[in-house]
Amino acid sequence: MAAESPARCLQAEASCPICREYFKDPVIIDCGHSFCRACISRCWEGSDTDVSCPQCGETAQQRNLTPNRQLANVLEIVQQLSLRGIEDAGWERVCGEHRQPLKLFCEEDQTPICVMCDASRAHAAHTVVPIREAAQEYEETFQAHLKTLKEEKEKLKGFKVTGEGTSQQYRIQTEKERREIVSEFQQLKTFLEEEERLLLAHLEKLDEEIVKLQHDNVTQLSEEISRLSELIRELEGKCQKPASELLQDIRSTLSRCETGKFQQPVEISPELAERRSNFSQKIFALTETLRKFKDTLPSELERKEGEPLESYTPVNVTLDPDTAHPELVLSADGKSVTWECWRQVLPDNPERFDRCPCVLGCEGFTSGRHCWEMEVEVGDEGRWAVGVARESVRRKERINLNPKEGIWAVERWGHQFRALTSPTTPLRRVPSRIRVSLDCERGQVTFSDAVSEAPIFTFPPGSIPGERICPWLLVRSSSGVRLCL
């Protein structure tokens with residue numbers, strides 16, 4: 001410390017008593033003390049009377065600010081000596097303002113400073129420690145962070161290796177499944193082509209037999225028609241002749257006119273008819289099997305490529321009694337509805353349907369994906385329709401059940417099952433439990449079999465406008481419809 005004392009003293013003498021930094025444009029006043037020109041001018045500013053020295057308090061009769069050129073020269077030498085001392089001491093960084101080595105660390109500002117910065121007003125109330133002590137403390141902190149970061153890096157590398165292994169396994173499995181799909185479909189294709197060839201060949205054989213039979217019948221009939229035409233001409237000619245000629249060869253003529261002697265065409269043999277019937281039954285069974293296969297395969301593809309079922313939120317739908325048509329009877333829990341042929345006495349509020357036996361759900365949706373399920377009758381009696389509708393759908397007038405009126409639904413009426421498009425779309429599958437899936441973001445509603453999860457019908461994306469959409473039912477059946485989770 002004793003070796004640093006002269007340097008400290010020299011730095012103090014080269015510093016302004018007011019700002020405590022190196023002199024800038026030093027001036028000397030009457031009492032002999034020196035200050036920065038800007039500091040002493042700011043100190044005396046606003047005083048109309050005699051001023052005093054900020055350091056000794058002696059009164060200055062005149063505001064004489066004489067440039068202290070010698071002090072300015074000394075200050076330049078001090079700065080040069082400081083820089084040389086910094087270089088000799090091996091300091092890498094210096095203060096940009098004071099050109100002093102950064103030996104201290106301000107904990108408030110979190111930055112290295114020099115001794116001149118420490119003596120300035122900017123750091124007067126700050127906690128300052130030696131830079132080596134601060135560096136040691138922060139080095140320990142950095143080491144702790146370094147250890148944690150290395151551990152995290154090793155974990156991530158482990159995850160990467162595991163992920164790469166899992167991805168490789170999936171790729172191997174995918175390639176295996178790809179080969180299986182190609183192989184199975186190739187075998188199926190070969191089988192179907194062979195079956196097609198055999199069926200067409202059998203059908204062609206049957207057709208040849210029928211064509212031959214038809215040709216033989218046509219030939220036989222043509223011969224009989226020709227013989228009958230000749231006999232008719234002969235009889236017509238005899239009828240024009242005198243009695244003696246008319247009765248000539250009468251026995252032979254009458255014999256040829258007997259109907260029993262006319263040959264009837266050969267009909268299809270019972271054996272051929274049975275073979276044709278059996279073949280038709282096989283064709284019917286085959287086409288039904290192929291239809292079922294085609295209906296099942298797209299459902300699996302849609303399940304893999306489309307939105308998974310789990311992305312739809314199940315909704316506990318209840319029916320709104322204020323919207324129910326007077327012929328509809330709702331259960332106490334609002335979960336089922338049946339139809340009666342008599343009208344109940346109910347308030348004619350604006351929300352109630354009065355022309356069509358419909359009812360809305362209490363719930364309405366403007367965003368998200370939602371689904372609910374309904375149990376319906378599968379017989380040919382009565383009528384029901386299930387789906388969604390705009391909350392603003394008409395209630396007091398006769399409406400057409402289609403998307404233009406704000407209704408997206410499927411309907412069973414008698415033996416017909418169809419989607420209420422415009423015109424309607426016939427559907428084959430009549431489930432006993434229907435799932436309605438509403439995607440408000442895509443503007444799409446999908447109907448599927450809740451038991452087999454096979455698709456029934458999907459209104460295309462963008463069909464449903466961005467407004468409040470509610471569950472909707474139409475019931476004209478004593479069996480009714482029941483909502484279920």
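Is Glu405 buried or exposed, and what is its relative accessible area? Glu405 is buried, at 16% relative accessible area. Buried denotes under 20% relative accessible area, exposed over 50%, and partly exposed in between, with a 1.4 Å probe and protein chains only.

The model is predicted: local features need pLDDT of at least 70, side-chain atom pairs count only at pLDDT 80 or more, and totals for chains, interfaces and linings use all residues. Residues are numbered from 1 along each chain as its sequence is written, and side-chain values use heavy atoms, with hydrogens and water left out.

The chain holds eight helices and 22 strands. These are DSSP runs, numbered from the N terminus: helices are H or I with at least four residues, strands are E with at least two. Of the 485 residues, 31% are buried. The accessible surface amounts to about 31,500 Å², and carbon and sulfur atoms account for 53% of that area. Accessible areas come from the Shrake-Rupley method with a 1.4 Å probe; for residues, only the protein chains shown count as cover. Contacts (heavy atoms within 4.5 Å) were also counted along the sequence. Among those between residues at least 6 apart, 59% join residues at least 24 apart.

Salt bridges were searched throughout. The criterion is a side-chain nitrogen of Lys or Arg within 4 Å of a carboxyl oxygen of Asp or Glu. Side chains of opposite charge can pair when their charged atoms come close. The whole structure contains 17 salt bridges.

One of them joins Glu405 to Arg394, with an N to O distance of 2.9 Å. Both residues lie in the loop between β14 (383–390) and β15 (407–413), so the pair ties together parts that are 11 residues apart in sequence. Arg394 is partly exposed, at 32%, whereas Glu405 is buried.

A network of salt bridges with shared partners joins Glu373, Glu375, Arg433, Arg435 and Arg482. Within the structure, Glu373 and Arg435 form a salt bridge at 2.9 Å, N to O. This pair links distant parts of the chain, 62 residues apart: Glu373 sits in strand β13 (residues 369–376) and Arg435 in strand β18 (residues 433–439). Glu373 is buried, with 12% relative accessible area. Arg435 is buried too, at 6%.

Glu154 and Lys157 form a salt bridge at 3.8 Å, N to O. Both belong to helix α5, three residues apart, or about one turn of the helix. Glu154 is partly exposed at 48%. Lys157 is partly exposed at 43%.

Helix α5 also contributes to a nonpolar surface patch. Ile181, Phe185, Leu188, Phe191, Leu192, Leu286 and Leu290 make up this patch of about 580 Å². Two elements give two or more residues each: α5 (131–239) and α8 (270–305). The largest share, five residues, comes from α5. Patch residues have over 30% relative accessible area and no salt bridge; like charges are joined within 9 Å, and nonpolar side chains (Val, Leu, Ile, Met, Phe, Trp, Tyr) within 5 Å. Leu188 lies in α5 and is partly exposed, at 31% relative accessibility.

Thr323 occupies the loop between β9 (313–314) and β10 (328–330). Thr323 is buried, at 3% relative accessible area. Its side chain reaches the backbone oxygen of Asp320 at 2.9 Å. Beyond neighbours within four places in sequence, Thr323 contacts Glu351, Arg352, Phe353, Cys358, Val359, Leu360 and Arg395.

Definitions and conventions. A polar contact is a pair of N or O atoms within 3.5 Å; within protein, one must be able to donate a hydrogen and the other to accept it, and residues adjacent in sequence count only if both atoms are side-chain atoms.
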